[in-house]
Structures are given as structure tokens and as C-alpha cells.
Amino acid sequence: MRISGNKLKHLVDFFQSELRGIYPDSEIEAMMLFAMESILGYSKTETYQKLEENINQSDLLKLYDCAKDLKKHIPLQYILGETWFYNLKFKVNKHVLIPRPETEELVELVLKENKGNLSILDIGTGSGCIPITLKNNLKESAVSACDISKDALDLAKKNAELNETTIDFFATDILKNQINNQFDIIISNPPYIKEKEKELMEKNVLDHEPHLALFVKGEDSIIFYKKIIDLCSTSLSKKGKLYFELNPLTAEAVEEYAKNSNLFENTHLIKDMSGALRFFKGIKN
């Protein structure tokens, strides 16, 4: 189907006709409005106020291509190359996961419980959304972040510049290397999906998001959590805090490993807004 005209209302009709039956109507509207804001700079209110306005050919083509890519199940954030996280804008591409609302909840938890001048490390940083948001809100803190992917780190550095924050980024394979410095807070949302579970994944995630950030090789789906817990023996300061985002299916196994390590004076599993066991917090002895 072609766009029937160059007015904004014609674009609205085009989005709805192209995507109806593929996505729920409410999701179509949300994606359309996000695209309008990103490409045209229009808020939701402005979009519906300007339906009779003509759109220039360049923007018309961008929005046309956006709808066509959404029809192929390409995530909107990758199409636009950006997303919002905790009221900050982040660049995203195929080398990093799209930040999730659950990760915003994790950041909110850390900010609620911690104030002042802290040293913080984010392991497996991806787009850099966690450390950049923490630095933006805990301005006196020294924040570091690492990832195995050079491409992810390159993008995270761009996001730090975009959001006017200073983060110490470095490359490392957390399964093979030690962390030399000591931190007051270590936080991570590591890979936790087994390779054999790929067939259970949604197509848009499996086809477009980076497998390096999603999947664990071998049978131990909590291997990254175990390694990070082990690192806490030397890399987490006394009374320091460890925070994880979890797979609810293995949350209790992660906490059990942490308890058996005897590194923590107490541990907690915390539910997300949907009631799933989503977060871990441990305070070191």
C-alpha cells in the first residue's frame, strides 16, 4: 500500500493500515507517536493537532520506511536508532540490547537506597544506560562500566557524551578476567538465557537483538551471576552492595549461590512491578 497523500493524517492512516493485525491497536498508536516525535519532533498532542499539515518528502519517506520495517518485526528503537530510559535519550543499534522497563526499576532501586560519593561498577553495560543514568543522578560518584563487546562500548561512550556524563568504560571478558579495583556498588544485568531456549524467544528479539548479550553458552544459565558473586570477594568493598537484574526462573538459584558464598551479611530477592522475582540485592560482610 502507498501513502494516499502528504498530509500527516495520511501517514497516520498508513501506519494503521500497514500494521493492523500484526500489533495491537494500542501498540500501533504508541509506536506511531514515538516515530512522529523522533522524526518530526511532534508530541502526541501536536500530532493530532497537525493532521492537516503537509509533511516534507524527506520526512514522509522516513516514516514510510519506518512503518515498512515495523511490518518486518524490526524493533522501533533500532529503526529510529534511539530510545528513552529514565527520562534520558540513548542511541541504540544492533550491538546492544534495547533497555527494558525492568532495568529502569533496577536503577530506581539503586537510586532510592544510595546517596553521596560512591564508587560504582556496571558489568555488561551494553548501551551504557545503567551507569549513565546512575551518574546523572549521583553526580558526585565515580562510575565505571565494562563489556566484552567493543562495538557496545563504542556506543556507550557516545551515549555518555550525549548525556554529558563521565564514565570510565573498559573492555573485559568477565568470565576470564578479574576486576582490579574495589567498588561500593556493583550492578549487572548479565546474559541468562540458554542457547537451547532460543525457540521460546519472540521473533523480533531473536532476529534483531545481540545474541552475545542474551545467551549463555553451555548448561549453566547463571554462570555470569556466579562469576560476579565470586568477584565480590575482592572487588566489592566491606558493606558494599551487589545488585542484579534476574531471570525469575533462576532467581532463587542465584540467591542460594550468593548465600553459600558466605560473602554477604544478608541477601534479598525483590519483585518487579508485575510481581515477578526480578532483582537481587546483597550487602557484603
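The accessible surface of the protein comes to about 14,200 Å², and 48% of that surface belongs to carbon and sulfur atoms; accessible areas come from the Shrake-Rupley method with a 1.4 Å probe, and for residues only the protein chains shown count as cover. The model is predicted: local features need pLDDT of at least 70, side-chain atom pairs count only at pLDDT 80 or more, and totals for chains, interfaces and linings use all residues. Residues are numbered from 1 along each chain as its sequence is written, and side-chain values use heavy atoms, with hydrogens and water left out.

**Overall form**

Twelve helices and eleven strands are present in the protein, where helices (H or I, at least four residues) and strands (E, at least two) are DSSP runs numbered from the N terminus. The radius of gyration is 21 Å, close to the 19 Å that the globule rule gives for 285 residues, so the protein is as compact as a globular protein of that length. This radius is taken over C-alpha atoms, and the globule rule is 2.2 Å times the number of residues to the power 0.38. Along the principal axes, the C-alpha atoms fill a box of roughly 65 × 40 × 35 Å.

Of the 285 residues, 49% are buried; buried means under 20% relative accessible area, exposed over 50%, and partly exposed in between (1.4 Å probe, protein chains only).

**Selected residues**

Val92 lies in the loop between β2 (88-91) and α6 (101-113). Not counting residues up to four places away in sequence, Val92 touches Gln77, Tyr78, Gly81, Glu82, Thr83, Pro99 and Leu155, a contact being heavy atoms within 4.5 Å. The C-alpha atoms of Val92 and Ser127 are separated by 6.5 Å, although these residues are 35 apart along the chain.

Asn87 has a positive phi of about 70 degrees without being a glycine, and its place is the loop between β1 (82-85) and β2. Asn262, also not a glycine, has a positive phi of about 60 degrees and sits in the loop between α12 (251-261) and β10 (264-271).

| Residue | Relative accessibility | Class |
|---|---|---|
| Val92 | 5% | buried |
| Cys66 | 2% | buried |
| Asn87 | 72% | exposed |
| Asn262 | 60% | exposed |

**Cysteines**

How many disulfides are there? The count comes to zero, a disulfide being a pair of cysteine sulfur atoms within 2.5 Å. Cys232 is in no disulfide, and the nearest cysteine sulfur, that of Cys146, is 12 Å away. Cys232 is buried, with a relative accessible area of 0%.
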